[in-house]
Amino acid sequence: MARRLIPTLNRVLVEKIVPPSKTTAGILLPETSTKLNSGKVISVGPGLRSSEGNTIPPAVKEGDTVLLPSYGGTEVKLGEKEYVLYRDEDILGTLHE
């Protein structure tokens, strides 16, 4: 049974990016040099409602690579994969190449 989680309000479902622990040549990298707390946005809620009743959309969209806080979020496991659910305002920014 396939499951898809669609967040409510201003919540964002993120899959954390796990940096490689060794190079292609097989050299092991220290944990501190590979630590960048980032993730890929999997799903986004519709947004918050203002006092006038207008929808305020989240600042990120599906597929964005985002910078995440060190702590926080709610861990969610769907099938074999683990995700983290954040509020839109908790995401620190988007990463671009």
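Strand β2 is largely enclosed by the rest of the structure, because five of its seven residues are buried; buried means under 20% relative accessible area, exposed over 50%, and partly exposed in between, with a 1.4 Å probe and protein chains only. Here is a friendly tour of what surrounds that strand. The model is predicted, so local features need pLDDT of at least 70 and side-chain atom pairs count only at pLDDT 80 or more, while totals for chains, interfaces and linings use all residues. Residues are numbered from 1 along each chain as its sequence is written, and side-chain values use heavy atoms, with hydrogens and water left out.

**The chain as a whole**

- The chain has eight strands and zero helices; strands (E, at least two residues) and helices (H or I, at least four) are DSSP runs, numbered from the N terminus.
- Of the 97 residues in the chain, 29% are buried.
- Among contacts between residues at least 6 apart in sequence, 61% join residues at least 24 apart; a contact means heavy atoms within 4.5 Å.

**The sheet**

- Six strands make an open sheet, in the order β6-β7-β1-β2-β5-β8, with antiparallel pairing; two strands pair if DSSP finds at least two bridges between them.
- β6 (74–78) and β8 (93–94) stand at the edges with a single partner strand each, so one side of each has no neighbour in the sheet.
- Strands of a sheet pair through backbone hydrogen bonds, either parallel or antiparallel.
- β2 is joined to β1 over five bridges in the antiparallel sense, and V12 has V44 as its bridge partner in β2.
- β2 also runs antiparallel to β5 (residues 65–67), with three bridges between them; here K40 has T65 as its bridge partner in β5.
- β5 in turn pairs with β8 in the antiparallel sense over two bridges, and the partner of L67 in β8 is G93.

**The nonpolar cores**

- Which residues make up the largest nonpolar core? The 10 residues are V12, V14, V41, V44, V60, V66, L68, V84, Y86 and I91; a nonpolar core is a set of buried Ala, Val, Leu, Ile, Met, Phe, Trp, Tyr and Cys residues joined through side-chain atoms within 4.5 Å.
- At least two residues of this core come from each of β1 (11–16), β2 (38–44) and β7 (81–87).
- A second, separate core has five residues, including L13, V76, Y83 and L85.
- In soluble globular proteins, nonpolar side chains tend to be buried together.
- V44, a member of the largest core, touches P7, R11, V12, P58, V60, K61 and E62, leaving out residues up to four places away in sequence.

- Apart from neighbours within four places in sequence, N10 is in contact with G47, L48, Y86, R87, D88 and E89.

**Salt bridges**

- How many salt bridges does the structure hold? There are two, a salt bridge being a side-chain nitrogen of Lys or Arg within 4 Å of a carboxyl oxygen of Asp or Glu.
- One joins the side chains of K81 and E15, at 3.8 Å from N to O.
- K81 is in strand β7 and E15 in strand β1, so this pair ties together parts that are 66 residues apart in sequence.
- K81 counts as partly exposed at 43% relative accessibility, and E15 is also partly exposed, at 24%.
- Another links D64 with K61, whose closest N and O atoms are 3.3 Å apart.
- D64 counts as buried at 15% relative accessibility, whereas K61 is exposed at 55%.

**A nonpolar patch on the surface**

- L9, L48 and I56 form a nonpolar surface patch with about 250 Å² of accessible area together; patches are made of residues with over 30% relative accessible area and no salt bridge, with like charges joined within 9 Å and nonpolar side chains (Val, Leu, Ile, Met, Phe, Trp, Tyr) within 5 Å.
- I56 lies in strand β4 (residues 55–56) and counts as partly exposed, because its relative accessibility is 47%.

Technical notes: Accessible areas come from the Shrake-Rupley method with a 1.4 Å probe; for residues, only the protein chains shown count as cover.
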